[in-house]
Amino acid sequence: MSSSMNFDETTAGIPLTGLTPAPAQQWGAVRIIPLLRAGSPGDLRLRPRKVDAAAVDVGDGTAYFAFMPHAYVMQWTDDGQPLAAYGAQLHARGSHTPTRQTPILHRMAKREDRNALRFVPLHLAMEGFLALHFGGPDVAWHEYSREALASGLSPRSERAVPGLWIAGLEDALRVFEIHDDQVGVLVFVADALASAFVVPHPDDYLQLHRSLLGDFYGELLFQYGLLYREVQSFDLEIDARTIDTLEQLRTAVASGRRLWHQHSLLMTEGLLARTTRWQTVYRAGQFRLRRFIGELHPEHEGHIGEAIVRADGTLEYLKTYRLSAAQVRRAYLLERLAKHDWHLSRCAESFGDTVPALLVRLRNAGFGYLLKPHILRGL
Amino acid sequence: MAHEDLVVFLNACFACTGQREFYSDGHEQTVSIAFLHDYIRGNYRRLYARSLAAGLNHFNQGRIVLELLSHSKHLDPEDRREEGQLCRAALAALPPQRAYRVLLGLRERGVNNRRTRAIVREFLAQRPDLAFDALKYRSKLHGLVRHAHPKLQGELGPFLARGWHARRYATALLEQFRRAHFSADAVYDLPFTVAEGLAARHRIDRKQFLKRIGPRLTAAERLRLQSAASRVGLDLEIDLGRAPLTRVALYALSLPAEERQRRSEELHAALTRSARRCLAGAPLPLGRVACVLDRSYSTTGSRDKPRRPLAVALAVDTLLATAASEYQSFWTGGPLADPLLVTPRGQTDLATPLLAALETRPDLVVIISDGFDNDPPRGAGEVCRVFRARLDPERRTAIVHVNPVFDAPHLGPRPLDRSVPTVGLRDAEDLATVLAFARFADGGLSLAELEDYLAVRATELVRRHAPAEPPP
């Protein structure tokens with residue numbers, strides 16, 4: 001990708017339009033808030049498909065490598081993915097050993113039929129995140145290395161952990177009591193939002209519930225899972241002294257329930273109320289497949305993700321990933337650099353810092369390879 | 001303290017089978033129940049032995065016998081005698097395959113003394129047809145004989161040693177078994193479990209085999225094979241009403257929804273008839289009863305116990321409807337037109353149906369739930385607490401929480417609240433026993449009364465299974 005992501009809209013958060021949060025369920029350190037939608041129209045369906053590909057040809061000469069256990073298909077189609085040979089290999093004439101191959105997915109989101117679109121969940125968003133200022137310095141300041149000027153940030157990589165590694169998540173998903181018209185969940189690990197997941201139809205949700213384990217999560221949540229055994233359960237409490245009749249007891253339970261619902265709502269509010277920048281990836285009829293990057297500030301939690309939005313604004317599909325602190329820091333540095341045309345002293349000034357301090361920051365963030373070696377040597 | 005320990009133990013033994021549950025895996029369950037057995041045996045040996053008569057489930061009865069027999073140093077002769085009698089009675093009452101497995105447990109633990117040999121001898125002496133056992137439980141009996149060396153009558157010794165390699169047997173059943181190894185036709189005179197393996201060896205067609213072995217099937221096998229038979233297009237005749245109540249409920253819930261709807265009348269009749277038979281054995285005279293039944297997603301059970309919590313709820317529903325003079329049921333998640341069509345769905349909201357049940361002012365409210373009340377958390381517990389404290393301090397309405405699930409981390413069925421007794425239950429048929437036991441779980445009765453209760457039941461158990469007096 002020669003330039004950064006092109007955002008086409010900025011909103012003040014992700015509105016959960018058309019979704020009602022239900023009471024949270026808690027197991028160990030994991031709290032799950034179900035999201036319900038009454039009467040899903042069913043004109044958009046999402047199916048999982050197993051893929052073996054480790055690479056995606058993004059389409060502009062860039063390749064994206066990751067462990068991708070599955071792809072989603074909006075409506076079902078036949079599988080047909082191309083293969084590429086893996087390095088140069090010598091074979092004796094007549095030998096039947098198959099060449100080592102790696103399957104390649106063509107594009108992150110690809111139309112496979114008139115009414116079917118295949119896309120790789122979460123990796124779509126992650127690829128967008130990695131592509132932020134991927135082109136590298138726009139101006140050839142002399143501090144930057146030749147590689148940085150020629151090929152930008154490539155190769156750029158980030159680490160994430162699979163859901164299976166998060167202690168307690170598997171059990172929490174297993175014992176979670178799915179609602180009849182449930183289409184999504186908000187997963188919290190030690191009360192930090194791990195992921196929001198919404199699909200268009202309750203049947204899709206039933207199928208994809210376990211796939212949350214195969215998705216990847218920020219490193220922070222892995223650590224939280226190990227650190228915290230249990231989160232506080234918000235038990236109902238009734239003041240017995242005020243109750244004299246069964247009717248009063250009923251009212252007390254109802255008001256307790258209301259309070260508790262409000263608490264669940266509170267948890268959903270804070271998280272997606274930050275400035276979010278969107279990019280439309282694909283238009284399919286009245287649906288738009290979009291990816292987004294939330295606010296990137298080292299002091300706040302950062303989320304990236306993707307969504308399918310209906311023309312009337314209804315959220316049909318949503319999947320988010322919580323960036324780890326280091327990932328937010330890296331992206332933040334890149335944004336600030338880009339804002340100041342990659343000029344080091346101007347950027348350092350905006351931080352209220354000296355150039356050497358900024359250089360140390362860059363090196364510590366893993367961007368040392370952008371700078372000429374002799375500049376780093378003196379630090 | 002002792003009272004509380006014992007109540008926890010007995011409660012656990014009503015529900016736990018060491019199998020995986022919805023909320024905890026099999027290993028946790030095994031560790032948890034093993035600890036309870038060790039602790040109670042070590043501290044309250046006599047009561048531990050007498051709890052054999054408390055109506056615990058088979059798994060735990062077997063475990064108690066095994067524990068008693070493998071730790072018997074420094075016992076008074078009097079206690080030793082009573083324990084011996086209780087073990088003998090319990091082994092005779094257990095299903096044979098379970099009793100054999102308990103005795104084989106002695107071999108695994110390397111326990112072989114005069115006492116265990118006598119127990120084994122007496123157990124084998126009271127078996128109605130040892131030749132049949134030698135056929136059906138061949139490896140078990142063989143293992144037991146090799147461990148304890150009891151004297152065997154007739155051809156049993158050679159049969160266990162040589163099996164079908166012998167030239168011929170004079171005993172008809174044993175000869176049948178030998179012949180079945182050579183002739184496919186002889187297979188059909190053997191017990192089903194033995195014949196099944198031989199049928200595979202002779203490559204007999206499954207449908208053909210099920211059809212011809214039909215008359216030899218026991219009632220439990222017949223019920224178990226219903227779906228297997230219908231898969232090959234065969235109708236195995238069965239009188240569902242004669243099967244145990246929980247089994248019927250499990251069978252009904254295993255059917256797809258359309259079939260349940262189609263056979264609704266027949267299944268209802270079977271459930272009711274089974275409930276009546278169960279009540280004839282253990283009467284349950286109840287007045288006005290309301291029952292709160294959990295059908296949340298967690299009643300799916302586990303791979304080891306599929307749908308059991310839901311089946312227990314359905315069975316108890318039928319049982320109480322038959323037993324009580326006035327009965328009303330309140331399922332979670334709104335009223336049900338036909339309880340037979342129940343499916344495990346959604347979150348657990350016990351508070352709403354419980355409030356509705358209390359509104360009818362019954363004499364007894366039974367709550368069937370695994371105790372995981374999460375909509376809102378502890379909703380039902382708070383309702384119970386406030387109801388007891390403020391609205392019904394004179395206890396006109398009794399509330400009992402019956403829990404079909406053993407929660408390993410808490411060493412017992414998970415309670416709703418301290419104000420309400422929680423008792424474990426594996427089979428709905430044992431409802432009368434656990435309701436009687438609920439008085440102790442409630443904390444209203446003393447240790448002495450619990451001891452008396454167990455002593456009386458122990459004497460009864462021993463009397464029922466006393467060996468027949470030899471003729472003068």
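User: In which loop is the place of B:Tyr44, and is B:Tyr44 buried or exposed?

Analyst: The model is a predicted one. In it, B:Tyr44 sits in the loop between α2 (26-43) and α3 (45-50) of chain B. Its relative accessibility is 17%, and the cut-off for a buried residue is under 20%. B:Tyr44 therefore counts as buried.

User: How far apart are the C-alpha atoms of B:Tyr44 and B:Asp5?

Analyst: Along the chain, B:Tyr44 and B:Asp5 are 39 residues apart.

User: In what order do the five strands of the open sheet in chain B lie, and which are the edge strands?

Analyst: The sheet has the order β2-β1-β3-β4-β7 (chain B), with parallel pairing. An edge strand pairs on one side only. In chain B this applies to β2 (324-331) and β7 (422-424).

User: Which helix packs on this sheet, and what angle does its direction make with that of β2(B)?

Analyst: The helix that packs on the sheet is α19 (residues 308-323) of chain B, which touches β1, β2 and β3 of that chain. The angle between the direction of α19 and that of β2(B) is about 150 degrees.

User: Where is B:Pro306 found, and which residues is it in contact with once neighbours within four places in sequence are left aside?

Analyst: B:Pro306 belongs to the loop between β1 and α19 of chain B. It counts as partly exposed because its relative accessibility is 40%. B:Glu21 is 285 residues away from B:Pro306 in sequence, yet the C-alpha to C-alpha distance is 9.1 Å. Leaving aside neighbours within four places in sequence, the contacts of B:Pro306 are B:Leu250 and B:Thr300.

User: How are α22(B) and α23(B) oriented to each other?

Analyst: The axes of helix α22 (residues 431-441) and helix α23 (residues 447-464) of chain B come within 10 Å and cross at roughly 155 degrees. The crossing of α22(B) past α23(B) is left-handed. Angles over 145 degrees count as roughly antiparallel. The orientation of α22(B) and α23(B) is therefore roughly antiparallel.

User: Which residues of α23(B) meet those of α22(B)?

Analyst: On the side of α22(B), the residues are B:Thr433, B:Ala436, B:Phe437, B:Arg439 and B:Phe440. The residues of this contact between α22(B) and α23(B) divide into five nonpolar, one polar and three charged. On the side of α23(B), the residues are B:Glu449, B:Leu450, B:Tyr453 and B:Arg457.

User: Why is strand β15 of chain A described as largely enclosed by the rest of the structure, and which residue is the bridge partner of A:Phe188?

Analyst: Strand β15 (residues 192-198) of chain A is largely enclosed because seven of its seven residues are buried. Six bridges join β15(A) to strand β14 (residues 182-189) of chain A, and these two strands run antiparallel. The partner of A:Phe188 in β15(A) is A:Leu193.

User: What is the phi of A:Leu122, and is A:Leu122 buried or exposed?

Analyst: Most residues other than glycine have a negative phi. A:Leu122, in the loop between β12 (116-119) and α1 (123-130) of chain A, has a positive phi near 70 degrees. With a relative accessibility of 2%, A:Leu122 counts as buried.

Conventions: Residues numbered from 1 in each chain as written. Chains lettered and ligands numbered in written order. Predicted model: local features only at pLDDT ≥ 70, side-chain atom pairs only at ≥ 80, totals over all residues. Heavy atoms only, no water. Axes fitted to C-alpha atoms, helices over the stretch in contact; angles between N-to-C directions. Helix = DSSP H or I, 4+ residues; strand = E, 2+ residues; numbered from the N terminus. Parallel < 35°, antiparallel > 145°, perpendicular 65-115°, else oblique. Left-handed = near helix turned anticlockwise from the far one by under 90°. Contact = heavy atoms within 4.5 Å. Nonpolar A, V, L, I, M, F, W, Y, C, P; charged D, E, K, R; others polar. Pairing = 2+ DSSP bridges. Buried < 20%, exposed > 50% of the residue type's maximum accessible area, 1.4 Å probe, protein only.
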